[in-house]
Every structure is written in C-alpha cells, then in structure tokens.
Amino acid sequence: MTATVMSDLRSLLHGLPGVDKVGVEARAAALATRSVKTTAKAQAIDLAIRMVDLTTLEGADTPGKVRALSAKALRPDPADPTCPPVAAICVYPAMVPVAFEVLKGSGVHLASVATAFPSGQAPLDVKLADTRDAVAGGADEIDMVISRGAFLAGDYTKVFDEIVAVKEACGSAHLKVILETGELGTYDNVRRASWLAMLAGADFIKTSTGKVPVAATLPVTLVMLEAVRDFRARAGRQIGVKPAGGIRTTKDAMKYLVLINETVGDDWLSPDWFRFGASSLLNDLLMQRTKLTTGHYAGPDYFTLD
Amino acid sequence: MPKSSAPRLSVRKTFKLYIGGAFPRSESGRTYLVDGDNVALASRKDARDAVVAARKAQPKWAGATAYNRGQVVYRIAEMVESRRAEFKALGTAGDEVNAAVDRLVWYAGWSDKIAQVAGNANPVAGPFFNLSSPEPTGVVGVIAPPTLLGLVSVVAPAVVTGNTVVVVTGGPQVAVTLAEVLATSDVPGGVVNILTGHAAEIAPWLASHDDVNGLDLTGVDDPTLAVELEQAAAGTLKRVRRAGRTDFTNDPGLAPMTAFLETKTVWHPKGF
C-alpha cells in the first residue's frame, strides 16, 4: 500500500470522534436495567442459544472433550428436542479435524482461533500457516488476534496488512478479528481498532480472547456496535460483533440483546451478525429455559459438565 | 456531637433477610408487619438467591473438619447466650433460651461423633476393608417452626453434619435475631440463609427446586401443604423429613441429623 493511503488511514482513524467515556458507560448501565420476561424471555433465551459460539480453548483440551462439546452444540438439551443448536464451536486449530467429524453437514459452524492465539506475537508467515491449517481442517470461521503491540505503537499499517493477509489466507471462511479490548486501554482505541479491522476486511469484530483479566464488557460492546452501525452507513457493508469472555449468565446475555436492539436494531439480532463467545453461558441459558418450560427452578446437576 | 434539647428520635429496626452472610431486603421490595415490627417479606426470587448462596458455601463447609464445624456450632451457642436479653425482649422465655443453648452445645458435640455412630466397618467376604461413612446431602430447604428452640432444633442438626440450609420461617424477629447471632459466630456466609415470610408461598419453590437436595417440613402446620410439598420434592428424589409437631424440649435423638446424611461406602483392598 502506498504511503499516501497509509497516512489517510492514520488520519481517518484519528479523525474518528472521541468516545464519551462517561456517556457510553451510563448508557450501557441504563440499558442493562431493562427487564425481559415471560414469552419475550423465552424468545430471547432461544435467540441467545442460537448465538453462542461454544468455546473451549484450554491447553488441556482432548479430542474426547471436543467431540463431547460438538455433540452438545448440535443438541444442547437432549431432554428437549425444541431446543435450538448453537451457532458454532470454537476450538484451537489442532482440534478442528476432530470437531469437523461431528459437525460436518449439520449447519453448526466450526470456528478456529488462529494467528498465534492468544498473544498474536508471532511472525506473519507462522500466522498465515496457522490460518491455512485451520481452514484445511474444515473450519469455516477463523478468529484471529491483532498485534496489539503494533496497534498500540501506532503501526496501523502492520496491523492492517496482517488482517488483509489473513483474510486472503481464509479463502471463503469468515474472518473474526479479535481486538482484545482489555489491552487497548481506552474506548477511543476500541473505536479505532474496530474501524481498522473493518476497513481491512473483517467479517466480524470480536472483543476478547478471554485470556486476559478484562474481557467483554457492555460499554466496549456498545462502542463496537456503534462502529459497525456507522461503518455500514458509510461503506455499505454489514459487519458482525462478538463479545467474548466473562459472559456467564442469562441475565448478562439479555443485557447484550437489549444493547443490540437499542443500538443497531433488528438487523443484527441474528446469529449471522452477533455471537457470544462463551462456555459456561450455555448451561445457564439451558437452566433458565428449563425453568420456563417446567415451571420450577433448574439445577446444574441436570446438565453436562464441560 | 452537640447536645440537643429536642427529644431523641427512636431508631426503628427493619428485620431483613439473611442470605449469603448479608442482610438484604426482599428483592420484591415487600415488607409486612409482625407485632408492630417491619419485616421483609421474602419472595420466590429470594429463595432462588438463597439456594445459590447455600450451594456456593456447601463444598467448603462440608470440607471443613468435623471438629471445626463442632467448634463453630459451639460458638453459636456462646453467642445466643450473650444475646439472652434480646431473645427475652422478643418474648422467648429464659428456659427456652437455656434449652436452645443446650441443644446447640449437644449438636456441637455430635459433629465429630456422628460418623462413628452412623458409619460402620462392614464385614465382607473378600480381602477388603469395607467402610460406610455418612456424608452431607447438600443444600437442605428447612421450613422452620416459629420459636427459638424449634428453629435451633431443625437448623443445627442439618448444618452440623456439613449441609447448608435455606430456612423459611414465620417467626421472623426471633429468626433474624438468630441470624445476627450466626453472622457473628464464625459461621461462613451462605451456610445458613434465613427467609422471613409465608411458607405456603416460598416452600413450593424450594420443594421443586432441582438444586435443593433435602427438605425439612417440621414447621409446616397445614397437612395439605405438607403433602403437596412432599409430592413436589419427589420430582427430584429429595430426602424429606416430616417430623410433625413435636415437643422440642424432648430428646431429639439422631433422626434430625441422619435424615440429611447419605452413606458412602468404600471398598479398599487389603493384604498387599
């Protein structure tokens, strides 16, 4: 890319209006007080289940665990056939072929983290090889991490070029770009990183790896939702959003759904445009769902340990 | 503070719930009047929150040594003793406070002895040690009688063996005063949770709750309600204790403790 385009990129990112920190936190907190009950709650729970990227990203992941989790993705509540499947399974590249065996042809997507997840501190060719391996193994969604170090140092070109290269390596697979907002420091940086990722060709922007203490928060997701809204208005392309990490309860998930509805509207209220990166969230959603269908409180003893 | 000639305003107390070691109001915001006192009226969601608190506290409480649990229950007895005047002001007779303190001390002593009585070394036809030992059942819902002695007689046996409890009581002032005792007696938060309100409203939610393992119906006076609760509890195979109206001054025996114990049997090879 030429020097003029790159200086345009810098001036574009720094020309974005600053985020009103107090305002965005107050708005997120205000929207979090909405109460969703009865039939609306039942719909919201099913929608949230359909939006879950059921994730296991541990060093201790075994093929057996990934197979079990994949089976759970297809039928989260074996006792209730009306319970919808989740959106996707999210695993490390080494586990992609295992999950693919279970998921192929089911409609449940298979996401793989790649590009030296979670730190992103590796040479570009290693990141690209990581990505190609995952796609070759059957992943149709790639969750890449940006180089936060380069971003924070102001080297937007490097981050931009990496995303472009990974997008190319993805082929037809969807690309989710993890901003790791907990390491970006300010809401202004979150907004800039969102735009940078979208300009470079991301299909989704994702908050976090779940491997640093500060993961997805409502205000950060609000800033990102505003970014995808403004981006569509300007560039005509719709981008998805995926908060990940720290979303554990149905109540949390409901807050995010309210946030989408009030910020970007119906267009994003679909698993194609919004995902929850989570593992323990699913069991809580299932317990709440069981509470609604049976009329009594559910307990964790009746659901799988993942 | 400067002295004022105006008459001092009285500080009125609201009797609140006891959940997870804290004294919250009811999430429903409701209160009711009992003998002129303002008392929080628990809702099903308070019961839900209390079960979560009890479940969270259970592994650590059950994991404490029996000796330690006994010390904590003894400490409750000490604190009841020192709050004698408060219970008296609520209409609890001195004899009853004595009996409650004695009952707590008695159960405290049982803490590290129940395993010897309820457990066993079983003779088996093979080269094994075969040992049965009592284990706490988990979270127990307790519908408690309204008096201090009644309350102590159902709560102490359940917790001393390592269970955690969610108590529903219609005798709120005494129960909340006992909660204040518990909060200052080294009882970890969440081990005993106290909900003041109507058993008919809250108990069915505890009885049908999938994450409650046992149910004590000693404080249920209405036989129809008791049967309904037993049926609801059967859905999750809860252990149910229905002692009925008893004279709490009598020797309780071991049944209140063993009702919420399960037996774990271990086969251990010998001769190697």
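**Note on a predicted two-chain model**

1. The structure is a predicted model, and the remarks below should be read accordingly.

2. Helix 12 of chain A covers residues 280-294, and its 15 residues reach 21 Å from first to last C-alpha, close to the 21 Å expected at 1.5 Å a residue. After the helix comes A:Gly295, with a positive phi near 85 degrees.

3. As to confidence, the model has an ipTM of 0.89 and a pTM of 0.92. For chain B the average pLDDT is 95, and 99% of the residues score at least 70.

4. What does the contact between the chains draw on? Seven residues come from chain A and six residues from chain B. On the side of chain A that touches chain B, four residues are nonpolar, two are polar and one is charged.

5. Chain B contains 10 helices and 11 strands. Its radius of gyration is 20 Å, close to the 19 Å given by the globule rule for 272 residues, so chain B is as compact as a globular protein of that length. Buried residues account for 46% of the 272 residues in chain B. Of the contacts in chain B with a separation of 6 or more, 75% join residues 24 or more positions apart.

6. Chain B has an open sheet of three strands in the order 1-3-2, with mixed pairing. Strand 1 (14-15) and strand 2 (31-34) are the edge strands, each pairing on one side only. Strand 2 and strand 3 (residues 37-40) of chain B run antiparallel and are joined by four bridges. Within this pairing, B:Tyr32 stands opposite B:Val39, and B:Leu33 has B:Asn38 as its bridge partner. The hairpin of strand 2 and strand 3 of chain B has two residues between the strands, and B:Asp35 takes a positive phi near 50 degrees there.

7. Helix 2 of chain B (residues 66-82) has 17 residues, which should span 24 Å at 1.5 Å a residue; the end C-alpha atoms are 25 Å apart, which agrees. The buried residues of helix 2 of chain B are B:Arg69, B:Gly70, B:Val72, B:Val73, B:Ile76, B:Ala77, B:Met79 and B:Val80. Which helices of chain B are included in what covers the buried residues of helix 2? Among them are helix 4 (94-110), helix 6 (148-160) and helix 7 (172-183) of chain B.

8. Helix 7 of chain B, one of the elements that cover helix 2, has 12 residues and reaches 16 Å between its first and last C-alpha, close to the 16 Å expected at 1.5 Å a residue. Nine of these 12 residues are buried, so helix 7 of chain B is largely enclosed by the rest of the structure. The buried residues are B:Pro172, B:Gln173, B:Val174, B:Ala175, B:Val176, B:Leu178, B:Ala179, B:Val181 and B:Leu182.

Note on methods:
Residues numbered from 1 in each chain as written. Chains lettered and ligands numbered in written order. Predicted model: local features only at pLDDT ≥ 70, side-chain atom pairs only at ≥ 80, totals over all residues. Pairing = 2+ DSSP bridges. Rg over C-alpha atoms; globule rule 2.2 N^0.38 Å. Buried ≥ 20, exposed ≤ 12 C-beta atoms within 10 Å, placed from the backbone. Contact = placed C-beta atoms within 7 Å. Expected span 1.5 Å × (residues − 1). Nonpolar A, V, L, I, M, F, W, Y, C, P; charged D, E, K, R; others polar. pLDDT = per-residue confidence, 0-100.
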